[in-house]
Amino acid sequence: MRFIAEDDGLTIKLEGGEMFFGLKRKLVLPREKIVDLTWTPEFNYRDLLLRIGGTGAPRILYAGHFRDVDTKETLFLYLRRPKGIPELRSISDANVLAVTMRDYPYAKIFVNCRPDIGTSLMKWLAG
């Protein structure tokens, strides 16, 4: 997975098997539609998620389009070693970049990201 930060937006390019499992080639996130971008070493999401399309294998991979049942938001996930089961309202992973969007097909995007890339992307959005 590659992250390309430009003046007008952020592009997340999925590569190889990531495209197959995530059902996406890339995500182009316009800067003006990004509400929040945070990188966290310990990610926890406590809500009921239903897989719309993609891959869901506990402790192996969650990738693709998911829907938050309570808020009715569509999410994009690419988590490589998730713990928990979305259907049981609990999912966690390490080193996750969380992007909250406004007026975009996905309300939230959660992808694994190295710490150095995550902190540089937070600085990019702030600056």
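# Strand pairing, pocket and salt bridges

Arg51, in strand E5 (residues 49-57), stands opposite Phe66 in E6; here strands (E, at least two residues) and helices (H or I, at least four) are DSSP runs numbered from the N terminus. This is a predicted model, in which local features need pLDDT of at least 70 and side-chain atom pairs count only at pLDDT 80 or more, whereas totals for chains, interfaces and linings use all residues. Residues are numbered from 1 along each chain as its sequence is written, and side-chain values use heavy atoms, with hydrogens and water left out.

**The E5-E6 hairpin**

- Strands E5 and E6 (residues 61-68) run antiparallel and are joined by eight bridges, where pairing requires that DSSP find at least two bridges between two strands.
- Three residues lie between the two strands of this hairpin, in which Arg59 takes a positive phi near 65 degrees.

- Strands E1, E2 and E3 form an open sheet in the order E1-E2-E3, and their pairing is antiparallel.
- The edges of the sheet are strand E1 (2-6) and strand E3 (26-30), each of which has a single partner strand, so that one side of each is left without a neighbour in the sheet.
- From one strand to the next, the twist averages 10 degrees (axes are lines fitted to C-alpha atoms, for helices over the stretch in contact, and angles run from 0 to 180 degrees between N-to-C directions).
- Five bridges connect strand E2 (residues 9-13) with E3 in the antiparallel sense, and within this pairing Ile12 stands opposite Leu27 in E3.
- Helix H2 (residues 115-126) packs on the sheet, where it touches both E1 and E2 (contact means heavy atoms within 4.5 Å), and the direction of H2 makes about 20 degrees with that of E1.

**The largest pocket**

- The lining of the largest pocket consists of Met1, Phe3, Arg80, Arg81, Asp93, Ala94, Asn95, Asn112, Cys113, Arg114 and Ile117 (a pocket is an open set of points on a 1 Å grid over the protein atoms alone, where a 1.4 Å probe fits, with protein on both sides within 12 Å along at least five of seven lines; lining residues have an atom within 4 Å of a point).
- Strand E9 (residues 90-101) supplies the largest share of this lining, namely three residues.

**Salt bridges**

- Across the whole structure, a search finds six salt bridges, each defined by a side-chain nitrogen of Lys or Arg within 4 Å of a carboxyl oxygen of Asp or Glu.
- In one of these, the side chains of Arg89 and Asp70 meet at 2.9 Å, N to O.
- Arg89 belongs to the loop between strand E8 (83-85) and E9, and Asp70 to the loop between E6 and strand E7 (74-79), so this pair ties together parts that are 19 residues apart in sequence.
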